[in-house]
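Colleague: Could you walk me through how to read this model? I would like the general idea for each feature, then the case at hand.

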Amino acid sequence: DFCDAYNVYTQESKTEMRLLHDGKFLYIKAKCTLPNLISTVKWVRPHIGKRDGMLWDFESLEFFLARDKELYQFILAPDNRLFDAHSTPTGRAREAVNWNSKKVVFNTVRGSTDWEGFLAIPLDEIQFAQKGEPGVFRFNAYRNCRYNFPNEPMTWEQSCYLPTYGGFYNTERFGTLKLAK
């Protein structure tokens, strides 16, 4: 179960995630269920665009593959939106955002009480400066769920696969993802 970043607060939304690979792509399938009886969801607005918009401010999923402090980030949001970035310890934020995967494949399907996302990350584009065991990464996934119940203010649930006890980029708190051969 996804939990909040401090593993303290109960999450009203539910997130299911499955991963597999074929040696060429890491495939991620996720189902994001919204809380019962909500009145609105903060979906991505059309002016944000289809690629590299600020998706973390809306209903979305974030995936991180890291080695030390270098990381690749993919954010998937309903209506087929994607943000991808590659951050290095010495790089600047603008450089990170300018990186775009050339072979990533993604799709989303939105229902009335949930949405599903499909992401295929090309493994040959995940190239870390620091060498490590092939097919082994630090990994975490997050869900940004923004909604409100009738006559209540907007709620933001930031849930994750593994709690980081702080920011998204606490890579030392990520899990280890080892792609089986």
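Modeller: Let us begin with the hairpin of β5 and β6, which has two residues between the strands; there, Asp68 takes a positive phi near 55°. Strands here are DSSP runs of E with at least two residues, helices are runs of H or I with at least four, and both are numbered from the N terminus. This is a predicted model, in which local features need pLDDT of at least 70 and side-chain atom pairs count only at pLDDT 80 or more, while totals for chains, interfaces and linings use all residues. Residues are numbered from 1 along each chain as its sequence is written, and side-chain values use heavy atoms, with hydrogens and water left out.

Colleague: In what sense do β5 and β6 pair, and over how many bridges?

Modeller: Two strands pair if DSSP finds at least two bridges between them. β5 and β6 pair in the antiparallel sense over seven bridges, and Leu65 has Tyr72 in β6 as its bridge partner.

Colleague: How should I read the side chains along β5?

Modeller: In a regular strand the side chains alternate between the two faces of the sheet. In β5, Ser60, Glu62, Phe64 and Ala66 point one way, Leu61, Phe63, Leu65 and Arg67 point the other way, and all are buried. Buried means under 20% relative accessible area, exposed over 50%, and partly exposed in between, with a 1.4 Å probe and protein chains only. Because eight of the eight residues of β5 are buried, this strand is largely enclosed by the rest of the structure.

Colleague: Which residues have the most contacts inside the largest nonpolar core?

Modeller: In soluble globular proteins, nonpolar side chains tend to be buried together. A nonpolar core is a set of buried Ala, Val, Leu, Ile, Met, Phe, Trp, Tyr and Cys residues joined through side-chain atoms within 4.5 Å. The largest one here has 31 residues, and Phe63 and Leu119 have the most contacts inside it. β3 (25-33), β5 (60-67), β6 (70-77), β9 and β10 (136-148) each supply at least two of its residues, with β10 giving the most, five. A second, separate core has nine residues, including Val44 and Phe83. As for Leu119, its contacts (heavy atoms within 4.5 Å) include Leu26, Phe63, Phe74 and Phe106, not counting residues up to four places away in sequence.

Colleague: What is the strand order in the open sheet?

Modeller: Four strands form it in the order β2-β3-β9-β8, with antiparallel pairing. β2 (14-21) and β8 (105-110) are the edge strands, each pairing on one side only. β8 and β9 (residues 114-122) share six bridges, and Phe106 stands opposite Leu119 in β9.

Colleague: Is Glu172 buried or exposed?

Modeller: Glu172 counts as exposed because its relative accessibility is 51%. This residue lies in the loop between β11 (155-160) and β12 (175-178), and touches Lys69 and Arg138, not counting residues up to four places away in sequence.

Colleague: And how does the whole fold read?

Modeller: The protein has one helix and 12 strands, in the pattern β-β-β-β-β-β-β-α-β-β-β-β-β. Buried residues make up 48% of its 181 residues. Of the contacts with a separation of 6 or more, 62% are between residues 24 or more positions apart.
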